[in-house]
Amino acid sequence: MFSISLGDDGAQLRPLEPWQAAELLAHVDRGREFMGRYVAFPNAVHDLESSRSFLRGYAEKAMSDTGRIYGIWADGELVGGVLFRTMDVEHGTAEAGCWLEPSAVGRGLVTRAVRIIIDWAVEERGIHRVEWHVSAANEASIAVARRLGMTRDGVLRESYPHRGRRHDMEVWSVLAPEWRATSRAPAASRR
Ligand SMILES: CC(C)(COP(=O)(O)OP(=O)(O)OC[C@H]1O[C@@H](n2cnc3c(N)ncnc32)[C@H](O)[C@@H]1OP(=O)(O)O)[C@@H](O)C(=O)NCCC(=O)NCCS
């Protein structure tokens, strides 16, 4: 399968497709509790059939050009992913997201992977605004948005019920001209 290198540590970004349902399920099972603290994504992948159906949903989004999903592999194992949950090419907007299992955090894998898909969305697909929706309590994900050079647009107060409480949801975004300015900055200033 073709892949994009995420750096000199051997990690790779690759398409994540319905035939990889078993691999996705095994990965989600390894990180279910951690990955589900602020997002419901792991609930959608609880057995082989639901995993296949989740990936089919993204295959359909790819077909209709309304979303994408990619996996992150480290040492040959699926350890996370990045996605466009939504993508509206006509209006030039997209919402990006990400996840990792615990063994893969703290290495910059998601920041590097999201940069690649935002580059594609902005430079090849003409997307003008990429959003990041995140629980105000999810500090690690907010740190990713900051590293990507996003701006906090605002807060949807108590808009997201999850695990028995309502979360304030922050909306972060980066606009195409801002993205281009950030991507041209020296790598060392972009961590
Ligand atoms: C959100 C989530 C993916 C962030 O994981 P992460 O490992 O902190 O993010 P990255 O892969 O970008 O790595 C950044 C970390 O690696 C470090 N790092 C090392 N090398 C790096 C590099 N080359 N570039 C960037 N960061 C690097 C950073 O300093 C940072 O560590 P720190 O937080 O201790 O400062 C993870 O917490 C997660 O999966 N949470 C559960 C699912 C979830 O909430 N998803 C988001 C929904 S909005």
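**Reading a bent helix, paired strands and pockets**

Student: How far apart are the end C-alpha atoms of α1, and what would a straight helix reach?

Tutor: The end C-alpha atoms of α1 are only 17 Å apart, although α1 has 15 residues; a straight helix would reach 21 Å at 1.5 Å a residue. The expected span is 1.5 Å times one less than the number of residues. Helices (H or I, at least four residues) and strands (E, at least two) are DSSP runs, numbered from the N terminus. This is a predicted model, in which local features need pLDDT of at least 70, side-chain atom pairs count only at pLDDT 80 or more, and totals for chains, interfaces and linings use all residues. Residues are numbered from 1 along each chain as its sequence is written, and side-chain values use heavy atoms, with hydrogens and water left out.

Student: Where does α1 bend?

Tutor: A bend is the angle between axes fitted to the seven residues ending at a residue and the seven starting there. In α1 the bend is about 50 degrees, at D29.

Student: Which residues of α1 are buried?

Tutor: Buried means under 20% relative accessible area, exposed over 50%, and partly exposed in between (1.4 Å probe, protein chains only). The buried residues of α1 are A21, L24, L25, H27, V28, G31 and M35.

Student: Is W19 buried or exposed, and why?

Tutor: W19 counts as exposed because its relative accessibility is 59%. W19 belongs to the loop between β2 and α1. Its C-alpha is 9.2 Å from that of R56, and the two are 37 residues apart in sequence.

Student: How many bridges join β1 to β2?

Tutor: Two strands pair if DSSP finds at least two bridges between them. Here, 2 bridges join β1 (residues 4-5) to β2 (residues 12-15), and the strands run antiparallel. I4 has L13 in β2 as its bridge partner. In this hairpin there are 6 residues between the strands, and G7 takes a positive phi near 140 degrees.

Student: Which strand pairs with β2 over 4 bridges?

Tutor: That strand is β3 (residues 68-74), in the antiparallel sense. Within β3, W73 stands opposite Q12.

Student: What pairs with β8?

Tutor: β6 and β8 (residues 165-175) are antiparallel over 7 bridges, with R129 partnered by L175 in β8. β7 (residues 151-162) is joined to β8 by 8 bridges, again antiparallel. P161 has R166 in β8 as its bridge partner. The hairpin of β7 and β8 has 2 residues between the strands, and R163 takes a positive phi near 50 degrees.

Student: What is the volume of the largest pocket, and which residues lie nearest its centre?

Tutor: On a 1 Å grid over the protein atoms alone, a pocket is an open set of points where a 1.4 Å probe fits, with protein on both sides within 12 Å along at least five of seven lines; lining residues have an atom within 4 Å of a point. A volume is the space filled by probe spheres set on the points. The largest pocket has about 1,200 Å³. Its lining has 42 residues, of which G97, C98, W99, W132 and S141 lie nearest the centre. The largest share, 6 residues, comes from β5.

Student: Which element gives the largest share of the lining of the second largest pocket?

Tutor: The answer is α3, with 4 residues. The second largest pocket has a volume of about 170 Å³. Its lining includes I4, L13, Y70, I116 and W120.
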